[in-house]
Amino acid sequence: MTNTVTAKGASIDLLRNGRNLTRMVLPGERPYVRELEVLLGAAFRKFCEACERHDDAGVLRRAAEIREHLSRSVPTSSDPRAHSEFWKLSVQPVYRHVEVLLDEGAQRSEVAASPHLVLATSQLKLNLSGGDHQTAFACRLLNNGDGRALQIEASVIGSGIDETYKLEVIEPMGPFDVAAHSEQLVTFGLTVADAADRLEVPLKWTCGTATGRQREFDDRLILEQQHQEPDWDKLLANPPYTLNPIRDRELLFGRARVLQELQLHVASGTSTFLWGQKRVGKTSLLQVLAAELEKRSGFICLILRMGELIGMHEGQIAHAIGSRLNERCDGALQLPSEAEFGAGMGQLVPFVERLLRSRSNRYVIIIDEFDDLDPAIYMGERGRQFVKALRSLSELGVTFFFVGSERMDSIYRRHQADLNKWLNMSLNRIESIEDCKTLVTRPVHGSIEYEQGAVRRIIDYCAGNPFYTQIVCFEVFKRCLQERRTFVSESDVIAVADTLVRALGQTNFVHFWEDNPELDAEARLRQSAENCLVLTCLAAVHGAFESIDELYEAQTKLLPINEQVSVVTLREIVDRLRRRGVLVSNADGAGLRVEPPIFRDWLNEYAEILLLRNWREFSKRSIDAPELLARVEIAETSGFPISEDDLLAVSQRLLYCGKQKDVAEVRAWLRQFDDDARIEIAFLLLRRMAERGYVTEGERTLAMQRVEEVLKAPAEPPVVWRYVRGRADNLCVSYVDSDTKSGASTAREVAKLLRPGKCAAATEIGGWLRSHLSQDSVLALIDDFAGSGGTVIKGLKRLAEHKTDAEAFRKFCETGHVHLILLFAFPEAIRAIKEQFPKIKVTAIRVFDDEVRALEPDAKIFGDEGDLRFAQDILRQIGQQLVPQHPIGHANLGGLVLFHNTVPNNTLPIFWCGGTVNERLWHPLFPRASWS
């Protein structure tokens, strides 16, 4: 870039000298002066201003304008200027000086405006086994130059010469731009004709610059064969990453030091408050501790979860603890009745004393989600009595571990004087980078290989949080499963993260703004709304800021004046979020940013849509409204019989129609069952569906890929496939259902993989059947799901009774060349089809068993026969109001099957059918467009 001071000074000097020349000029030479003033006018001033602003494009554009003016001012031999002394001595030197400035500015701006394109990683591992299928993979294209790259296109140097491979850019579609010092994710599609261990693909990137010039950059992709594919079925049956709490020490990564410290607390009899942000693995840590203690003789460890304690008063909690301890000691003592315990914990103290005398054990009691107990238990005199009883029990030798969110710190500090011998510990992210790497790579060791940059990208993106790390890794695993990939690059992680953020519900992040360390419900609600305001302002400035004024300015653009808060209030909210670790200092120490980055990206997508309305609703309420809202909030969460962690574990598995089910949605659906017993029954059914009956997109894709294995497996009579222009001429893929149903869509997708000679509905294949009767051909009928088999049988009967096609179809059946392949089916469907059409080969890729039948005793969903009868009564009572003719699903299957994009009508109507139940609207969790 031209030196700013030099350019600016030159412009001033030239303008001043140019004006002074007018006093020296002869009358006939005045046009030369006017010409000079034009040259040193607006265009030259703008050129100098562009230099001052470091505007390279502006410098080059203005330089071109001035050069055009200079070209018109060069005197010819017949031009009077060529003989003018004034021109030679005064004007021409100014022109030459301007040319020097133009050359200097343009040359440096040309360099500054130049891009430089190169792939971030040129070496990848893919499936190079050959075949005509296309493998998609992502790469990061970097622009390391100072200029923007415009209209970028990629070409493969020498592509198509030997036709051993074909590489094309899938996304972005068409030419694209990349700003200076930034990157763009580019997805390639690779087709390899013959198997190879290594491919070197020379690339050329072509782009335009801000100056209008074309630039080319040579690059290279080195593709190696990925290692042998693992047993995908085994990985599918036992996914390597889990969101459920961990019980096995081998799976607890990054917590060895904390676990050892807690074991020392047990050895010394030190009771402990363990708290921190949600989703950091506190429950897993305590469950592993309990499992370790159970291995030691003389230790009895209880884990009490909020699901069994919620709604209890202190006396009931004491009775529950006493009952569980007595049960573990084989009923050593006579436990007082619940009525004898009364409303306090006091009666538990003498009972534990007697228990310790009769059994010389060490007792450890873990209470999870301790801060979700009725807040009144912690407050005032009632709270003081409760804490004194706990201290007395710990002095007797009972070691307590209370686990909870950030409110636990406030509870401890409120009663710190009475709990002076207890310890208060916080638990946050996994600090060790090596432990984080182990968390990513060990679950798939030997099956999927991670590039080093990919592992580090996941760790940084999740900031060491094990919950978010598991979510990202599980999405990466699903992608590998779907694409049969065993190598994960950094670009793959970026691509997964980009789609994952759009699918995640707010339940995964709600604790960042709701879990404030405040015991008063009204204050907690106010702080939650304030946090929503600041987080939305942060999203408006892309998750980071240096000055509080940036947030205030963002607020003024988002809200009317009556809904805004002062700079002082904004600073208080920011300080609160910083103390909680939601905001951390920037790397350079200037300002703050949102942590972890996955939350920052989610905020950029959804903060203004979801969070801002929380603040706006709160700010508009009357003075009495906060108290009402606080009561509603307590009732919404504290009185629910299913814990949030259990709800989260289920909702995380359920991605329906491209959107993950939110815990709030699941809770709202469950509330329609009214009382706690019915809610618990419905949750058991939903959990079984999520764990055993949910079919992911990856599993469906895998099943479609198995169709080719089924068709090409050795059979009698054998089939010799004939290929014409890359298509199997003697194979026809068809379907018996309507063109608009999912079975037809599945058949068309399978046809893309198999490339048959014919693909059409069963009503349109008569000509193919008749022309291939004597040509050793196969008719493959495809459907995605069969529950009772009724729909498939109807379609087959239509084909068998068709006035022109029936005879040809019968002959195909007689020769054993009709194959019906179902991706998923119940055994009833297979039996019914075989009974009606014994000559047709029927195969199901996956057959559902009794474990996804809600009312089947062998499913073992419910604890005893009484619960099963109770569930049957509930389902029939609701189902008869929703779908009278099929109250527990079509053909009375009572299915618990759910696909990623649809629900079969054999599944229980409570999941998919809307209507009226007990004179109230029923809102299904997985709405289905039609149930007929």
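## Terms and model

Two strands pair if DSSP finds at least two bridges between them. Strands (E, at least two residues) and helices (H or I, at least four residues) are DSSP runs, numbered from the N terminus.

This is a predicted model: local features need pLDDT of at least 70, and side-chain atom pairs count only at pLDDT 80 or more, while totals for chains, interfaces and linings use all residues. Residues are numbered from 1 along each chain as its sequence is written, and side-chain values use heavy atoms, with hydrogens and water left out.

## The whole chain

The chain holds 35 helices and 31 strands. Of its 932 residues, 51% are buried. Buried means under 20% relative accessible area, exposed means over 50%, and partly exposed lies in between (1.4 Å probe, protein chains only). The chain exposes about 42,500 Å². Carbon and sulfur atoms supply 48% of that area. Accessible areas come from the Shrake-Rupley method with a 1.4 Å probe; for residues, only the protein chains shown count as cover.

Strand 2 runs parallel to strand 9 (residues 214-225), and four bridges join them. In this pair, Leu-126 stands opposite Gln-225 of strand 9.

Strand 13 (residues 399-404) is largely enclosed by the rest of the structure, because six of its six residues are buried. In a regular strand the side chains alternate between the two faces of the sheet. Both faces of strand 13 are covered. Thr-399, Phe-401 and Val-403 are buried on one side. Phe-400, Phe-402 and Gly-404 are buried on the other.

Strand 10 (residues 272-275) pairs with strand 13 in the parallel sense, over four bridges. Strand 12 (residues 362-367) also runs parallel to strand 13 and is joined to it by four bridges. Phe-401 of strand 13 has Thr-272 opposite it, and Ile-366 stands opposite Phe-401 as well. Strand 12, helix 13 (residues 380-396) and strand 13 make a right-handed β-α-β unit. Right-handed means that, with the strands pointing away from the viewer, the path from the first strand over the helix to the second runs clockwise.

## Helix 14 and Arg-407

Helix 14 (residues 407-414) is largely enclosed too, because six of its eight residues are buried. These are Arg-407, Met-408, Asp-409, Ser-410, Ile-411 and Tyr-412. Their cover includes strand 10, strand 13, strand 14 (423-426) and helix 20 (521-540).

Arg-407 counts as buried because its relative accessibility is 10%. Its side chain makes a polar contact with the side chain of Asp-372 (3.2 Å). A polar contact is a pair of N or O atoms within 3.5 Å; within protein, one must be able to donate a hydrogen and the other to accept it, and residues adjacent in sequence count only if both atoms are side-chain atoms. Beyond four places in sequence, Arg-407 touches residues including Asp-371, Asp-515, Glu-518 and Arg-524.

Tyr-735 is in strand 24. It is buried, at 6% relative accessibility. Its side chain makes a polar contact with that of Arg-748 (3.5 Å).

Ser-738 lies in the loop between strand 24 (727-735) and helix 29 (742-754). At 34% relative accessibility, Ser-738 is partly exposed. Its C-alpha atom is separated by 8.1 Å from that of Ala-761, 23 residues away along the chain.

Asp-805 also sits in a loop, between helix 31 (790-800) and helix 32 (806-814). Asp-805 is buried, at 3% relative accessibility. Leaving aside residues up to four places away in sequence, Asp-805 touches Thr-763, Gly-766, Arg-770 and Leu-799.

Key. Contact means heavy atoms within 4.5 Å.
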